[in-house]
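Subject: Handing over a structure

Hello,

Here is the structure I promised. Please open it first, then read my notes below.

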Amino acid sequence: MNSKTFLALLARDARVARRNMIPLILQTFLQPLLFVFIFGRVMVGSGYMPVSYKSLLLPGIMAISMVFTGVWAVAMPLIGEFQFTREIEDRLLAPIDIAWVAVEKVVAGLIQATVTGVLVIPLAWIILRPGLQLHIANPWLLVAITLLVAGFSSCGGLALGCSVNQQHIGLMFSMVMTPMIFFGCTYYPWSALSNFPILQKIVLINPLAYASEGLRATLVPQFPHLSLPLILGALLGFDILLLVVGLRQFRNKAVS
Amino acid sequence: MPAAVRTENLRKVYSSAPPAAAGGGFGGGPRAKKDKKEPRPQITALDGINLQVERGQIFGLLGPNGAGKSTTVGILTTRVKPTSGTAWIEDIDVWRDQTAAKRLIGVVAQRPNLDFSLTAREILQFHGAYFGMNSTERSERANALLERFKLTDRADQLVRGFSGGMMQRMSIARAMMHDPQVLFLDEPSVGLDPQTRLLLWEIIREYNQKGRTILLTTHNMEEADALCEKLAIIDHGHIIAQGTPEELKASIPGGYLLRLRFGHHSQPLLERLGTLASVTEVRASGESGADLYAGRGGSLIPEIVSAASALGVELSDVHISEPSLENLFLHHTGRSLRE
């Protein structure tokens, strides 16, 4: 690999991200924080939800925010740049194997998703403060899971961004992202599905389920969660699978 | 010394519609529904292209839309994978070592593909960075190119708001940024006003004088004639003629067109003109004119004048057009380039 070229590609994405900072922040944080406010503050404060729901909700919100950020940061530019503006062509002609152009996008998305995950915790903490109980026993485990979640979201963004046509962006969000979020153990723990045994099995094909459960296991281990080896193995597996699929799709798009 | 660009028996068969950048202007329409009984249509875009472009040459690929020009450029620039055959840039087999090939080339695509999230200056600087230029080198070269392409006053604006002509100039500046050995320009002057076109030609010649090789595609004969030292005429994926513009033009019989105006019309005069040596066809044009197709130009004038005065007719105006590539294309394909 040619590291100078790779770093220059990253620097380009950093420049663009810095230029779009304010819309990017609003787009990333507004929705999860409103959700935290209504469900964690208003619903709990008015007695419809128990206080413990605050702690249960936070890891799920963090997972959703990270996945949205990662997918959006990689898929949206790719869809536009391949089909509409074709601006990716200049980077495809850079003196580096085109797979690294895709990997650079994944790294940029991974960084954005990680930053989002790291920032959501204190922001949600400010909103939820009284009654929120976080127990981070092993910070390294939190780091590992955060990176794996960021990785699957940006690799997923690569796979989706290279498979979806511009006219199907809306469909991608309603058919892929929305069910993924609702069946991703985000607003409830996986164990809560024990009364729906078939559904409980089906949601295990959803990578977001492992993301939410993984963050739950490291941030709020007092709640029941999937076993850690299963979570780590599944997240790693999804990272690799989506990266391989994404790279293949990317090559198909880049070379005719 | 290897040729700057060489291809051997290049073939490309698309199994779906060729992409807009490589297919000659067809939009990327929705793909036809897959039907197992009927295999997807196979479109042969290139059918055995052999080219050789020497170092320091300005080489033109001339042909109508959809002839295979962009596909050829696509293969040479790592964007279209050939079905068979080999393409070399200098001594590098493009499809064996794409990264090494990419170091040697600069590419101006047919459609503008500028980075809309960046300013003009940033586009050049990041492009330089991709090629490993250091920051001093990058900013000096970017400034020089912006100046040369008359873009300095817009250098720090996002290119999103640029006009078509400015975007095209910007694309060419970007392709020149890392000073590539071989510069590919796919239809560089489409949609440019005449003034910008002249600036562009001047810059291309200037770049060529530094010893760089230029391969451009065009369907504009005037451009091919004015710029290129060597031409290949391409149609339906085949090269139908190759040579210098002069050689190519000399290869068509009766390539000169003389448009004559007389004081008045006379049928005997037209008949007399038809008998002059090397004249292939005479057509009456309007009230008092004649179009004369012949194998020579200026040297026919004295004979025309004496033939006319013998019949008491005065020659009032002459326009001679030399053998043109348009005529050549017509000669080889029976179709006009503009069709």
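First, a term. A residue is buried if 20 or more other C-beta atoms lie within 10 Å of its own, exposed if 12 or fewer, and partly exposed in between, with C-beta atoms placed from the backbone. The model is predicted, with local features needing pLDDT of at least 70 and side-chain atom pairs counting only at pLDDT 80 or more, while totals for chains, interfaces and linings use all residues. Residues are numbered from 1 along each chain as its sequence is written, and chains are lettered from A and ligands numbered from 1 in the order in which they are written.

Chain B overall

Chain B holds 12 helices and 14 strands. Both are DSSP runs, numbered from the N terminus: helices are H or I with at least four residues, strands are E with at least two. Chain B has 339 residues, and 44% of them count as buried. Contact means that two C-beta atoms, placed from the backbone, lie within 7 Å. Among the contacts in chain B with a separation of 6 or more, 72% join residues 24 or more positions apart.

Helix 5

Which residues of helix 5 of chain B are buried? They are B:Arg138, B:Arg141, B:Ala142, B:Leu145 and B:Leu146. They cover an arc of only 135 degrees around the axis, so they sit on the same side of helix 5 of chain B. (The arc is that of the directions from the helix axis to the C-beta atoms.) On the other side, B:Thr136, B:Glu140 and B:Glu147 are exposed. The buried residues pack against helix 4 (120–130) and helix 6 (164–176) of chain B. Just after helix 5 of chain B, B:Lys150 has a positive phi of about 55 degrees.

The six-stranded sheet

Six strands of chain B make an open sheet, ordered 6-7-8-3-9-10, with mixed pairing. Two strands pair if DSSP finds at least two bridges between them. Strand 6 (105–108) and strand 10 (238–243) of chain B are the edges, each pairing on one side only. From one strand to the next, the twist averages 15 degrees. Axes here are lines fitted to C-alpha atoms, for helices over the stretch in contact, and angles run from 0 to 180 degrees between N-to-C directions.

Strand 6 and strand 7 (residues 182–186) of chain B run parallel and share four bridges. B:Leu183 in strand 7 of chain B is the bridge partner of B:Gly106. Helix 7 (residues 194–209) of chain B packs on this sheet and touches strand 3, strand 7 and strand 8 of chain B. Its direction makes about 150 degrees with that of strand 8 of chain B.

The four-stranded sheet

Another open sheet in chain B has four strands, in the order 2-1-4-5, with antiparallel pairing. Strand 2 (43–53) and strand 5 (92–93) of chain B each have a single partner strand, so one side of each lacks a neighbour in the sheet. Strand 1 (residues 5–14) and strand 4 (residues 84–89) of chain B are joined by five bridges. One bridge pairs B:Glu8 with B:Thr86. Helix 2 of chain B packs on the sheet, touching strand 1, strand 2 and strand 4 of chain B.

Where the chains meet

The contact takes 27 residues from chain B and 23 residues from chain A. On the chain B side, helix 4 of chain B gives the most, with five residues.

Best wishes
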